[in-house]
Amino acid sequence: QRRKGAKKMKRFILDVFNRNLNEDEAQEYFKKSFMEMGDEEKSYYIGSEDKYLKFFLTLFAIKEKASIRIHFCNYKKATKLLFDAKYSQIRLENLLRAKSITCQEDIEIFTMLSFRDAFGVQFAYRIYFSEICIYIASLSDYYYIVYCKDESEEIIKRMAIKFGLCLRGLL
């Protein structure tokens, strides 16, 4: 039961597609996890990942000094996903231990992991921007669910458009 006077959060799907895919389209698009793809296949997904990265970096910049909490579900896999990345093992371990975002590099790591490792797992990676009341969780298959209060909705909508992402409302 909600507290008296508490506002309900609005829910959206943040995606690179402006509609739900039909079954055939989804089978083709989601047939492999990021780790199973070849370099040519990965290039398309990295372009989509970059859109999400810009989206998250902009949210981070809005309230850079505010508390931004994160949650990672699979620490061992995180190490494997970043083995060829520019991020050090120590940086990743510190981020996983702290469970909060403190710099742009943390946002980059969060985006990479939440986009590449959420294949088949919902809510595996979550980020909460407390100052602007925006909660985002990775869903399986390369998209996110966004919860926000009315006052943050316009921010989210403008940013999605700016970075070539689509925001679809949920009931």
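View 1. Helices here are DSSP runs of H or I with at least four residues, strands are runs of E with at least two, and both are numbered from the N terminus. Everything shown comes from a predicted model, where local features need pLDDT of at least 70, side-chain atom pairs count only at pLDDT 80 or more, and totals for chains, interfaces and linings use all residues. Numbering starts from 1 along each chain as its sequence is written, and side-chain values use heavy atoms, with hydrogens and water left out.

View 2. Have a look at α6 (residues 150-162): Ser 152, Glu 153, Ile 156, Met 159 and Ala 160 are buried. Buried means under 20% relative accessible area, exposed over 50%, and partly exposed in between (1.4 Å probe, protein chains only).

**View 3. Ile 136 and the nonpolar cores.** The largest nonpolar core has 43 residues, and Phe 55, Ile 127 and Ile 136 have the most contacts inside it. Such a core is a set of buried Ala, Val, Leu, Ile, Met, Phe, Trp, Tyr and Cys residues joined through side-chain atoms within 4.5 Å. Helix α2 (residues 39-62) gives the most to this core, with eight residues. Leaving out residues up to four places away in sequence, Ile 136 touches several residues, including Phe 55, Leu 59, Tyr 125 and Val 146; contact means heavy atoms within 4.5 Å. A second, separate core of five residues includes Ile 13, Ala 137, Ile 145 and Tyr 147.

**View 4. Leu 139 in strand β4.** Leu 139 belongs to β4 (residues 134-139). Leu 139 is buried, with a relative accessible area of 6%. Leu 139 and Ala 124 lie 15 residues apart in sequence, yet 7.4 Å apart in space, C-alpha to C-alpha.
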